Each structure stands twice: as C-alpha cells, then as structure tokens.
Amino acid sequence: MSGGGDHHTVSFVQTVRAALVLSRREQVSLLAVALIFGAAALLPVFNTGYWLSIGVSIAMFTVLATSWTLFSGPTNYIALSTAAFFGIGMYIVGGGLPYLPFPALVAVAAITGALFAAVVGLATLRISGVYFVIFTLGLAELVRQVVAWAQHVMGTSSGLYVLIGMSDQAMYWLLLGVAALVYLVGWFIGRSRLGFALRIIGNDEVVAVHSGINTARAKVVLFVISSSFAAVTGALVAPRWSYVEPSIAFSPFLSFEVVIMALLGGVHRLWGPLVGVIPFTLLWEFISAKFPAQTTLLLGACFLLIVYFIPRGVVGLIEDTVRQLRRRKSDNG
Amino acid sequence: MDVLIIGLLLGGTYALMAMGLQLQYGVARIMNLASGETLVCGAFAAVWLFTAYKLGPLLALVGIVPLAFVANWAIYRFMMLPLVRRAKSQGQLEVDAILATFGLSFVAIGVLLAMFGGEFLAYSYLAEPFRIFGQPYALNRIAAFLCSAALCAGLYVWLHHTRAGLTLRAVSVNPSAAGLVGINVMRTSALAFALGGAVSASGGALLSMYLTFDASLGVIFTLKALVIVIMGGVGDIRGAIVASFILGLTETAVATYIDPGLTLAAAYILFIVILLVRPEGLFGRRPS
C-alpha cells in the first residue's frame with residue numbers, strides 16, 4: 001500500500017471505478033435506500049412540532065452512531081470521544097459566528113475535527129492495544145478544560161450565543177443530507193481495499209501487519225473520517241441550543257449514548273446503528289420525561305443489558321434467527 | 001519548594017489509586033473504566049461517615065476497605081467472570097470488559113446522584129498547618145500521604161514476600177503458565193480485582209481529606225490512574241509509584257504556574273510523551 005504519487009492516483013481511480021460497477025442486487029438496494037431517504041425527507045410535511053424535533057434527534061444520532069461504527073465497528077477499537085469532536089464543532093460555530101458565515105464554519109469544523117483526530121490517531125493508533133480507548137475516554141473533558149481556560153485567558157464568558165434563525169425543518173434536512181453522505185462514504189469504504197484492510201485488522205491485527213497492510217494508516221484515516229462527521233454534526237445542531245455552554249457541548253453522556261445506540265443496533269452492518277437509534281431515541285424521550293432524576297442510572301443499566309444479552313445487536317439477533325430458520329427448513333426439506 | 005512538596009504529597013496518594021488499577025489490569029486483566037467511580041464511592045463514604053457520624057476518614061477506612069473488597073469481588077464474580085468465559089480471545093475480552101465497566105461507571109454515577117445529589121461534597125478534617133522547613137502545609141495532606149505510603153508499603157511487602165503475593169505476580173506475568181503450575185487463575189484474578197477495588201476506594205477516602213468531590217469526577221481519576229499505570233509499565237509496582245510522583249508533581253506545577261483548571265491537560269501531556277517515547281512504560285519490558 002505504499003508507492004509513488006503516480007501509482008497512487010492510478011490505483012485510486014481504479015478503486016473508484018471498481019466500486020462504481022454495481023451488480024443488479026446492489027442497484028435495487030441503492031434504489032430502496034434512496035426511496036427510504038426520500039420518505040424520511042417528507043416528515044416535516046406531516047408534522048412540524050414534537051415529531052419533527054424527535055426527527056432531528058434521530059437524524060443527529062443516526063449520523064453520530066453510523067459514523068462511529070465506520071471506525072469502531074470493523075476494527076473493535078472503541079472510541080469514547082464523540083462528545084469531544086461534537087463539542088469542538090459546536091464551539092467553532094458559537095465562537096466564529098461574528099466573523100464567518102454559518103456554512104463556512106461548518107467547513108472549518110469539519111477540517112478542525114479531522115486535524116485533531118489525526119493528531120490523536122497518530123499518537124495512539126500506531127501502537128495496538130488499549131491506549132486508544134484510554135486516550136479517548138477523557139478527551140471530551142480535556143477539550144472542555146482547555147476551552148474553559150482559553151476563554152478565561154481571553155476574558156470571554158464560558159457560554160456563547162448562537163443566534164441564527166434556523167428552523168427545525170432546515171436542520172432536519174441538513175442532518176438527513178449528512179446521514180446520506182455518511183452512508184455513501186461507509187458503503188464506498190466497505191467495498192474498497194481500505195474497508196477490507198479494516199476488517200482484517202479487526203479480526204487479527206498481527207495477521208493484518210504480516211499481510212502487508214499499513215494498519216496505522218488505515219486506522220487513522222477511518223478515525224479522521226468518523227470524527228470529522230461528529231464535528232460537522234456538532235456544528236450543524238449548534239443553533240438548536242441558542243446558548244452553547246461546555247456542559248452541553250462536551251457532555252460525557254453524548255459519547256455514551258452514541259456507543260449504546262450503535263451496539264444496540266449492531267456494528268457489523270452499515271445500517272445496523274439505525275436499528276438502534278430509532279427505538280433508543282424514542283425510549284430515551286420517554287425515560288427522560290418520566291424519570292428525569294434517574295436518567296444516568298437507567299442509561300447505565302440499559303447499556304449493561306445490551307453488552308450482556310445482545311452483544312451482536314438487534315441486527316445480529318435477526319441474522320442468527322434467520323440462519324436458524326433456514327437451517328431448520330433445509331433439514332426438513 | 002511548595003510545588004515540590006505538595007506535588008510529592010499528592011503523588012503519594014495517587015500511588016494508591018494507581019496500585020488499585022494496577023492489580024485489576026495487571027493481574028486480573030480487566031481494564032476497569034469504573035475504577036475512578038470506585039474511588040469516588042470511597043470518597044463519598046468517607047464524607048458521609050464524617051458528616052453523619054463524626055467518624056474520621058482514617059478510622060472510616062476500617063469499614064470502607066472490606067466493603068469495597070466484597071463489592072468488587074462480587075463485580076468480578078458476577079459481571080466479569082461471565083465475560084471471561086464468553087470471550088473467545090484476549091482481544092474480545094478486552095473489548096467486552098471495557099464496555100461492561102464503562103456501563104458500570106454510569107450505573108455508579110447514577111446511584112451516587114440518587115443518594116447524595118449532584119453537588120460538591122467536602123468536609124474539614126485536620127485542616128491545621130504543619131511546618132516542613134519552616135513552611136506551613138495542611139496536616140490532612142501529610143496524614144493522607146503517610147497513610148497511603150503505609151498501605152503501599154504493606155501491599156508491596158505482601159506481594160513480594162508471601163505465597164499469596166507470589167501467585168498474584170505469577171498470574172500477572174503469564175496467566176496460562178500460572179495455571180500450569182497449579183495456580184487457580186480464576187480465584188487469583190478475583191482476589192486481585194477485589195483487592196484492587198479496595199485499594200482504589202481507600203485512595204478515594206484519603207483524597208477526600210483535602211479534595212472536593214462530586215459524582216461525575218470519576219472519569220478524571222480513572223484517566224489519571226490509567227496514565228500512571230501506562231507510564232509506569234503494566235504490572236510494575238515500582239514504575240507505578242515513580243509515575244505517581246511524576247504525575248503529582250506535573251499536575252501541581254501546572255496548577256500553580258498556569259491554571260488550576262488544567263490538571264487533566266497535565267496528565268494528557270505526560271500520556272502523549274510516554275506514547276511517543278516509551279509506550280511500554282518506564283520500567284516495562286518491550287514485547288518480544
């Protein structure tokens with residue numbers, strides 16, 4: 001996977017071409033996905049109040065959980081840093097609004113998130129082992145401390161106002177668009193050499209190294225993509241809270257919720273997290289309305305239930321059941 | 001001078017917390033992300049015993065340590081052991097343990113929130129000056145340091161000069177070989193995990209003498225303990241002690257000269273330096 005620049009561009013073009021050759025079955029599923037997205041985009045037509053706001057949450061967590069799965073799914077490296085990148089995106093919008101227009105800030109968030117992820121990845125992912133998980137565990141808290149310190153030094157208040165009029169409807173469509181992009185990127189990676197390399201790394205990193213895969217590069221690239229999406233999401237939803245403060249932007253619960261939803265759905269399929277996001281967002285809406293004081297406890301309990309009883313997620317459960325049914329059928333027939 | 005002494009005193013108490021995690025990760029092979037919560041539980045128990053019953057934290061240790069031991073033994077027996085049995089490989093176990101203890105940490109925070117609420121808790125104990133080289137230092141810091149040093153020394157002697165300690169070190173070096181020479185690896189791991197939890201909780205009780213705690217602080221202590229363990233080298237007690245002092249000193253220096261709000265940044269800087277320069281830790285052996 002190393003070589004000169006020319007060789008690289010050629011192989012890249014070839015990869016793109018190869019990935020664009022679709023079988024009949026893939027064409028059908030692509031069409032189905034497009035139809036589902038089209039149907040989802042119609043939600044604001046039917047309801048612009050409560051359900052639309054839930055729709056925004058679902059779209060947001062779909063982006064976060066699916067992009068989390070892009071990296072952590074195949075590699076088994078658990079990233080606990082979603083909130084750090086999400087918060088960075090939010091603060092870039094909060095702090096940058098007086099100077100730059102909103103779309104430019106979203107781009108800045110994407111680039112900053114990518115650069116920061118590259119630094120973190122280069123420091124921790126070159127070495128195998130649990131260093132990466134540990135590093136990401138406190139990352140949100142670290143960024144929060146540094147942001148608070150920087151604001152203290154510059155003499156600004158810790159909260160920032162994000163006062164741009166953005167309707168829930170616009171935010172929903174934007175997030176839906178980003179979700180579509182995540183799926184496209186994920187689907188493309190899954191078909192590429194990179195995706196293949198990641199699956200080998202996840203199965204056995206030593207084997208991956210010995211078969212000539214540059215494991216560090218593959219891991220860093222995916223972590224950068226995944227984190228950049230988290231930063232973009234933070235930037236896009238910043239207007240939802242007209243007042244951004246560290247406890248919202250760098251909430252440790254966010255990282256936790258994203259991991260729960262992805263695991264509930266299943267991380268070995270691209271569409272797995274979605275299966276977790278929808279029921280969990282609805283359940284969470286219910287729980288935080290009924291038991292506002294016990295949310296942390298219940299969140300932890302839900303997480304343990306998933307880890308112990310459905311380790312492969314709902315999708316894994318479905319697949320196992322289908323396989324058993326098929327086997328029984330073939331035994332009978 | 002101030003920085004040096006306060007840093008050393010802090011480092012000495014951190015050593016206890018790091019040894020707790022060292023036992024759990026180095027021997028029982030469980031990367032316990034709820035280690036900081038164990039520490040916070042110990043701290044809250046000490047605060048509660050002091051405010052409700054006027055019981056000093058040093059005396060409270062007598063109750064906290066056995067309780068934490070039993071609780072952590074139960075966690076190993078009923079939550080970790082099924083994962084150990086289920087895991088097909090060491091990597092799978094590591095991922096499962098990380099996820100399970102991560103979930104557990106949120107359960108612990110939830111329980112603490114329900115019992116004590118979300119505010120910072122502290123109490124005033126031995127808050128009188130004690131002179132070292134003519135400079136006054138809070139007596140509670142010194143008492144916590146001495147108590148922590150005594151516990152660390154006791155643990156060190158126990159690990160290196162008793163048969164039970166020897167089995168623990170054997171499992172730490174190589175679990176499957178330890179099994180071959182007739183050591184009950186599961187039971188030894190459970191013992192190490194329980195002991196580690198008890199040590200972490202006692203570290204919390206001692207730190208509560210001069211630090212304020214709230215329910216959500218656990219993750220910071222987990223991270224500090226992990227950084228110390230990695231810096232010292234997994235499974236190496238001497239390394240953990242040296243690394244604790246380095247972290248205590250760095251943190252105090254950052255808090256004094258730059259900003260008290262940046263202590264976690266100090267831990268991260270050390271972490272990055274270690275990862276770039278010596279990922280196997282100060283005293284760790286390079287994997288062959």
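How many residues does the contact take from chain A and from chain B? In this predicted model, chain A gives 30 residues and chain B gives 35 residues.

H16(A) supplies the largest share, eight residues.

| Contact | Nonpolar | Polar | Charged |
|---|---|---|---|
| Side of chain A that touches chain B | 22 residues | seven residues | one residue |
| H4(A) with H12(A) | 12 residues | four residues | one residue |

Now for that helix pair inside chain A. Two packed helices are described by the angle and the distance between their axes. The axes of H4(A), residues 50-75, and H12(A), residues 215-237, come within 9 Å and cross at roughly 170°. Angles over 145 degrees count as roughly antiparallel, so that's what H4(A) and H12(A) are to each other. Among the residues that meet are A:Trp68 and A:Phe71 from H4(A), and A:Phe223 and A:Phe229 from H12(A).

Over in chain B, take helix H5(B), residues 139-161. With 23 residues at 1.5 Å a residue, H5(B) should span 33 Å, and its end C-alpha atoms are 32 Å apart, which agrees. Its buried residues include B:Asn140, B:Arg141, B:Phe145 and B:Leu155. What covers the buried residues of H5(B)? The cover includes the chain B helices H1 (2-27), H3 (57-86), H8 (185-207) and H10 (237-257), along with strand S2 (135-138).

Notes: Residues numbered from 1 in each chain as written. Chains lettered and ligands numbered in written order. Predicted model: local features only at pLDDT ≥ 70, side-chain atom pairs only at ≥ 80, totals over all residues. Contact = placed C-beta atoms within 7 Å. Helix = DSSP H or I, 4+ residues; strand = E, 2+ residues; numbered from the N terminus. Nonpolar A, V, L, I, M, F, W, Y, C, P; charged D, E, K, R; others polar. Axes fitted to C-alpha atoms, helices over the stretch in contact; angles between N-to-C directions. Parallel < 35°, antiparallel > 145°, perpendicular 65-115°, else oblique. Expected span 1.5 Å × (residues − 1). Buried ≥ 20, exposed ≤ 12 C-beta atoms within 10 Å, placed from the backbone.
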